[in-house]
Amino acid sequence: MASEWKNFEPVLIPDIANLRNIDVYLDNGGYEALKAVLGSEWTPSSVIGEVKAANIRGRGGAGFNAGLKWSFMPEPDGKPRYLACNGDESEPGTFKDRKLFEFNPHLFIEGALIAAYAMQCTTIYLYIRGEYIDWIHMMDRALQQAYDKGFIGENILGSDFSVDFYTHSGAGAYICGEETSMLESLEGKRGYPRVKPPFPAQNGLWGRPTTINNIETLANVPLVINKGADWFTSIGARNHPGSILYGISGQVNRPGVYELPSGVPILDLIHEVAGGVRNGKKLKAVIPGGSSTPVLRGDKLEGVTMDSDSLREAGSMLGTAGLVVMDEDTDMVDVLWRIAHFYHHESCGQCTPCREGTGWLEKVLLKIKNGEGEIRDLDLLLDVTTQMEGRTICALADAAAWPVRHTINRFRDEFEARCKRSTFATA
Amino acid sequence: MEYRFDKEELDQIEKIKARYPEVRPATLPVLWIAQNKFGHVGPKVQKLVAKTLDLPEAHIHGVAEFYTQYYKEEKGKFVLDVCTCLSCQVCGGYDILHYLEEKLGIETGETTEDGMFTIQQVECLGACGYAPMMQITNGVYVNHLTREKVDEVIEGLKNGKLPQFESKEMRKVNPQDR
Ligand SMILES: Cc1cc2nc3c(=O)[nH]c(=O)nc-3n(C[C@H](O)[C@H](O)[C@H](O)COP(=O)(O)O)c2cc1C
Ligand code: SF4
Ligand code: FES
């Protein structure tokens with residue numbers, strides 16, 4: 001992989017002016033993939049087969065093969081079935097789906113329509129966090145354009161496939177990005193995640209089969225249909241192919257969203273792509289894929305690439321590919337406390353280990369941050385994280401536990417230095 | 001004040017209801033319509049929404065309480081939602097928050113006496129690459145905040161001028177790094 005990324009031409013958001021305008025999108029081959037799948041060459045199951053072969057791994061954080069997920073939908077029975085598109089984008093450090101809304105909305109819309117065709121869905125809901133009101137309006141306009149051209153609605157392009165497509169605005173709740181919480185929110189309720197099983201493919205919106213995909217995941221679909229699974233799997237890292245919208249934030253010279261292949265060396269991303277650490281400072285730490293992915297030490301990044309395998313080996317995860325870069329002056333205790341505050345604030349409170357655990361983490365970290373902690377508090381924190389993991393309805397509790405465990409383990413000296421020297425603190 | 005929807009809003013609500021197989025999913029969108037009209041969704045507004053949708057008040061109340069963007073009481077004319085979450089924190093979000101508190105003479109969560117400004121601290125708004133940032137009254141995002149930019153924005157708002165939407169293009173790899 002090494003420096004292959006330097007010659008990469010973006011495919012999700014190519015550099016074409018006004019691509020958000022449907023006429024420009026059409027002039028550049030837009031909606032050809034939809035036309036193709038509605039033609040005689042494709043069937044719903046052959047679309048699923050191609051997408052599965054492409055191994056588009058979910059860009060919402062969990063990295064699940066999209067085609068495989070679609071294949072879990074039961075046989076159509078003539079009743080409603082749904083596709084719910086996840087545009088909640090609330091994981092701290094993540095700000096990439098909004099780029100698709102703003103700069104290539106029709107690629108996503110086309111991808112969602114193809115997905116709906118493949119799974120024979122009758123309605124598509126696009127859930128977008130309420131704060132993104134300007135982007136919701138952009139999507140409403142784009143959807144209207146697509147309705148007007150006959151790509152959405154009854155008997156699309158003369159075929160017997162019909163589907164409706166609506167936006168649905170959230171109203172401020174990170175938990176609604178969790179897929180079953182999002183379904184509750186779409187049903188007009190508080191966003192309490194549902195116990196699984198039953199899984200949404202069996203029992204989703206209003207008890208009907210439903211599939212949930214991230215925006216960026218769906219935007220890859222027309223590319224796979226147009227160019228084939230082989231083309232897609234030839235890009236980037238073998239086990240996590242395709243291009244990725246990397247969101248780079250924190251203390252770098254050129255923060256922003258960049259589209260590059262998966263598997264770019266993390267140090268290239270920071271130093272070459274994002275222009276290096278601000279003010280010539282040294283790199284201290286990176287969170288590679290949103291706040292829940294374990295922090296990596298700056299001095300342990302040699303050879304680490306942005307794909308699931310390499311990051312797992314390094315002790316973290318790809319998550320949403322939202323990198324947060326921290327320089328040598330960053331106070332890791334402050335940062336970890338702020339992350340813990342976030343998860344405590346966003347816990348829905350249904351499960352005791354999560355509700356109580358996130359509260360404890362925040363409280364004890366605040367104590368340490370204020371210089372009132374003791375070294376045994378660090379072990380208490382680690383203990384709390386093990387009690388939270390794998391015991392809850394949804395993965396928020398895990399997402400809250402991981403950063404605490406790994407930040408303490410990887411920057412233990414800094415945490416100890418903030419603790420009071422209690423009598424038995426000889427360690 | 002009497003809270004009611006006019007004909008146009010009621011038509012809009014009917015259209016929203018048609019998007020779903022039942023009425024309850026219209027709860028969030030209709031709370032939004034109400035908040036945009038009345039500035040908040042306090043108890044009386046919740047009652048109106050419940051009546052309009054023919055849903056239990058307890059349901060509407062529960063939903064309004066769950067979501068942070070719904071204002072359960074009246075706020076200032078401009079609500080300044082300053083992000084202090086991860087990326088904004090490391091890029092000086094707290095400095096911006098404290099500067100605003102000092103400048104407006106109120107603490108986070110409070111409203112200025114003239115009813116113009118409320119300061120709130122919020123979680124990640126999905127603008128991490130443009131940190132530190134804030135959102136104004138559930139609307140426009142203001143990015144890359146500095147003290148000078150804060151001064152400008154506040155001055156503008158006092159004259160009723162909202163900042164414009166800032167489009168943040170995709171970043172390209174610097175040609176010299178290719
Ligand atoms: C607490 C929590 C928050 C989540 N937030 C988001 C989110 O904002 N956007 C998103 O696409 N997925 C989010 N997810 C993942 C979704 O549950 C789900 O896996 C994803 O939307 C599936 O789409 P994909 O397979 O295309 O990635 C979140 C998961 C958890 C546990
Ligand atoms: S793990 Fe936390 S956020 Fe998820 S359902 Fe349980 S209490 Fe709610
Ligand atoms: S951390 Fe402030 S916008 Fe994401």
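1. A definition to start with: a salt bridge here is a side-chain nitrogen of Lys or Arg within 4 Å of a carboxyl oxygen of Asp or Glu. By that rule, two salt bridges cross the interface of chain B and chain A. Please keep in mind as you read that this is a predicted model.

2. One salt bridge to look up joins E123(B) and R338(A), whose closest N and O atoms are 3.0 Å apart.

3. Now for the wider meeting of the two chains. Chain A brings 76 residues to the contact and chain B brings 53. Together they bury about 5,100 Å², with carbon and sulfur atoms giving 57% of that area. On the chain B side, L86(B), M170(B) and R171(B) lose the most area to chain A, and together they make up 15% of what that side buries. Polar contacts are found here too: the rule picks out 31 residue pairs across the interface, with both residues at pLDDT 80 or more.

4. Chain B has its own division, into domain 1 (7-66) and domain 2 (78-158). Taken over C-alpha atoms, the centres of these two domains are 29 Å apart.

5. Back in chain A, how do domain 1 and domain 2 meet? In the contact, 23 residues of domain 1 of chain A face 30 residues of domain 2 of chain A. The area buried between these domains is about 2,200 Å², and carbon and sulfur atoms give 61% of it.

6. Which side chains form the salt bridge between K6(A) and E272(A), and at what distance do they meet? The N to O distance between the side chains of K6(A) and E272(A) is 2.9 Å. Across the interface of domain 1 and domain 2 of chain A, the rule finds one salt bridge, along with 14 residue pairs in polar contact, both residues at pLDDT 80 or more. The side of domain 1 of chain A that touches domain 2 of chain A has eleven nonpolar, five polar and seven charged residues.

7. Finally, have a look at ligand 1. There are 18 residues around ligand 1, and those that come nearest are G60(A), K69(A), N86(A), N214(A) and T217(A). A polar side-chain atom of N214(A) sits 2.8 Å from an oxygen atom of the ligand. The backbone takes part as well: a polar backbone atom of E89(A) is 3.0 Å from a ligand oxygen, and a backbone N or O atom of R59(A) is 3.3 Å from one. Taken alone, ligand 1 exposes 620 Å², and the protein buries 89% of that.

Terms used: Residues numbered from 1 in each chain as written. Chains lettered and ligands numbered in written order. Predicted model: local features only at pLDDT ≥ 70, side-chain atom pairs only at ≥ 80, totals over all residues. Heavy atoms only, no water. Contact = heavy atoms within 4.5 Å. Buried area = accessible area lost by both parts, 1.4 Å probe. Polar contact = N/O pair within 3.5 Å; in protein donor to acceptor, adjacent residues only side chain to side chain. Nonpolar A, V, L, I, M, F, W, Y, C, P; charged D, E, K, R; others polar. Near = heavy atom within 4 Å. Areas by Shrake-Rupley, 256 points an atom, 1.4 Å probe, with all protein chains shown as cover. Domains from an automatic or database assignment.
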